[in-house]
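Colleague: I have a new model to look at. Could you take me through the terms used for it?

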Amino acid sequence: MRTRPLKVALLGCGVVGSEVTRIITTQTADLAARIGAPIELAGIAVRRPNRVRAGVPAELLTTDATALVKRGDIDVVVEVIGGIEPVRTLITTAFEHGASVVSANKALLAADGANLHAKAVEHGVDLYYEAAVAGAIPLIRPLRESLAGDKVNRVLGIVNGTTNFILDKMDSTGAGYSEALDEATALGYAEADPTADVEGFDAAAKAAILSGIAFHTRVTIDDVHREGLTEVTAADIASAKKMGCTVKLLAICERAADGRSVTARVHPAMIPLSHPLASVRGAYNAVFVEAEAAGQLMFYGPGAGGAPTASAVLGDLVAACRNKLAGTTGAGESAYTQLPVSPMGDVVTRYHISLDVADKPGVLAQVATVFAEHDVSIDTVRQQGRSQSGGDTNDGAAAEQTGAVRRAGGEASLVVVTHRAPDAALSATVESLRKLDTVRGVASIMRVEGE
Ligand code: HSE
């Protein structure tokens with residue numbers, strides 16, 4: 001074994017950085033044996049050097065991240081700061097000074113991955129980011145390496161733990177969104193500002209990264225259709241249950257049926273309870289991959305947190321160090337297919353639409369005609385009669401497919417589930433429905449996936 005250590009610089013020392021430091025400083029002999037040379041933490045760049053960090057050697061702390069990455073003797077830079085700048089500049093500078101980079105930065109990779117990969121190649125170094133998607137779950141390397149000989153057609157994942165916790169809570173207790181969010185905040189799952197999670201930005205960044213790797217093309221976060229879960233109601237969850245489904249915030253990356261384009265989207269969706277993703281509870285993540293030869297694969301585990309994310313970082317660090325030692329680099333970006341990303345309107349899926357309608361003869365026929373005019377085929381209709389005050393008065397099962405429940409001058413709630421149809425056709429259908437005098441409101445529209 002080589003005795004001269006490989007030098008590692010750490011950028012950021014929060015929850016993940018502290019765990020990375022702990023593992024590097026306590027698992028020294030094992031890491032050295034696995035790499036073939038010892039590794040040494042050469043410096044840790046932080047913004048607040050006086051903050052107490054248990055187990056982090058104070059003499060390694062510096063506030064000058066630029067000087068650290070410019071030292072010239074650093075073999076691998078580990079970046080766990082997050083955000084676009086100054087991180088992009090720091091990573092580029094690290095490449096220019098011969099260092100490989102291990103990053104957990106989904107936002108940066110989803111915004112500018114192609115440029116960073118190109119810079120890594122230019123300087124003959126590695127860029128690894130297993131920790132950027134789904135924490136500890138090995139996903140990037142299996143997609144990039146283990147499935148490199150297969151053809152991936154679909155990636156369907158729960159890639160945000162905070163939102164899965166919220167939806168799971170709504171499902172198991174009947175709580176509304178705000179109540180479930182409050183609990184997620186109290187337990188430390190949701191940030192003080194939960195926007196990135198609940199509006200789907202975090203999941204959209206991960207969807208961009210996964211689509212690019214799965215389909216050997218380039219997808220940025222701007223290509224990803226995004227809807228958060230703030231509009232999901234307890235009624236949606238109850239309606240999903242009636243259909244034998246649950247609601248999940250899904251990241252869905254698909255190759256078009258003709259193979260000529262891809263789509264990437266993040267939105268709440270109903271999935272059948274029989275689907276493996278339906279049983280993913282709490283803040284866990286899971287990603288379901290469909291490949292031509294492999295069939296269906298499920299990756300499951302903790303998607304966030306200091307130690308799980310550090311596990312993914314360390315895996316990349318060992319790989320980058322091994323490559324340094326061998327004087328080589330690992331597999332870089334593979335974007336040769338150059339498949340275009342189609343707009344959301346081209347996505348074909350099923351829909352669950354909840355309408356508040358006048359409860360009088362002919363309304364069901366009117367509504368059905370609008371669906372037919374837009375070539376959207378109805379699978380089932382459930383009607384619930386409601387009094388003028390708006391309370392539910394009937395269980396829908398008795399009225400299914402018949403529209404028979406009626407209350408003179410009252411309102412009814414119609415739940416329509418469609419067969420597969422293009423998103424653009426569904427949007428046009430809903431627009432036309434809103435123009436009907438008898439349709440008092442469109443209470444919710446949710447896609448149905450995983451069947
Ligand atoms: N905030 C993310 C989540 C973890 O809730 O899953 C980091 O991507």
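Predicted model: local features only at pLDDT ≥ 70, side-chain atom pairs only at ≥ 80, totals over all residues.

Colleague: Why are α1 and α12 called oblique to each other?

Modeller: Helix α1 (residues 15–26) and helix α12 (residues 306–326) have axes that cross at roughly 55° and come within 8 Å. Axes are lines fitted to C-alpha atoms, for helices over the stretch in contact, and angles run from 0 to 180 degrees between N-to-C directions. Under 35 degrees counts as roughly parallel, over 145 as roughly antiparallel, 65 to 115 as roughly perpendicular, and the rest as oblique. Therefore α1 and α12 are oblique. Their crossing is right-handed (the near helix is turned clockwise from the far one by less than a right angle).

Colleague: What makes the contact between α1 and α12?

Modeller: Contact means heavy atoms within 4.5 Å. From α1 come Val15, Val16, Glu19, Val20, Ile23 and Ile24. From α12 come Gly306, Ala307, Thr309, Ala310, Val313, Leu314 and Leu317. By class, that gives 10 nonpolar, 2 polar and 1 charged residues. Ala, Val, Leu, Ile, Met, Phe, Trp, Tyr, Cys and Pro count as nonpolar, Asp, Glu, Lys and Arg as charged, and the others, Gly among them, as polar.

Colleague: Why are α7 and α11 described as roughly perpendicular?

Modeller: The axes of α7 (residues 161–173) and α11 (residues 234–242) cross at roughly 70° and come within 9 Å. α7 and α11 are therefore roughly perpendicular to each other. This crossing of α7 and α11 is right-handed. Leu167, Met170 and Asp171 of α7 meet Ala234, Ile237 and Lys241 of α11. Those residues divide into 4 nonpolar, no polar and 2 charged.

Colleague: What makes a space a cavity or a pocket?

Modeller: Take a 1 Å grid over the protein atoms alone. A cavity is a set of points where a 1.4 Å probe fits but cannot get out. A pocket is an open set with protein on both sides within 12 Å along at least five of seven lines. Lining residues have an atom within 4 Å of a point. The structure holds 1 cavity of 30 Å³ or more. About 80 Å³ of space lies in the largest cavity.

Colleague: Which residues line the largest cavity?

Modeller: Leu127, Tyr128, Tyr129, Glu130, Ile140, Arg141, Arg144, Glu145 and Asp316 do. The largest share, 4 residues, comes from α6. By class the lining has 4 nonpolar, no polar and 5 charged.

Colleague: What volume does the second largest pocket have?

Modeller: The second largest pocket has about 480 Å³. Of its 25 lining residues, Arg154, Glu254, Arg265, Val348 and Arg420 are the closest to the centre. The lining has 7 nonpolar, 8 polar and 10 charged residues.

Colleague: Which backbone details stand out?

Modeller: The peptide bond from Glu85 to Pro86 is cis, with omega near 5°. Pro86 lies in the loop between β4 (76–79) and α4 (87–96). Ala134 has phi near 60°, a positive value in a residue other than glycine. Ala134 sits in the loop between β6 and α6.

Technical notes
Residues numbered from 1 in each chain as written. Heavy atoms only, no water. Helix = DSSP H or I, 4+ residues; strand = E, 2+ residues; numbered from the N terminus. Points joined across faces, edges and corners; volume = space filled by probe spheres on them.
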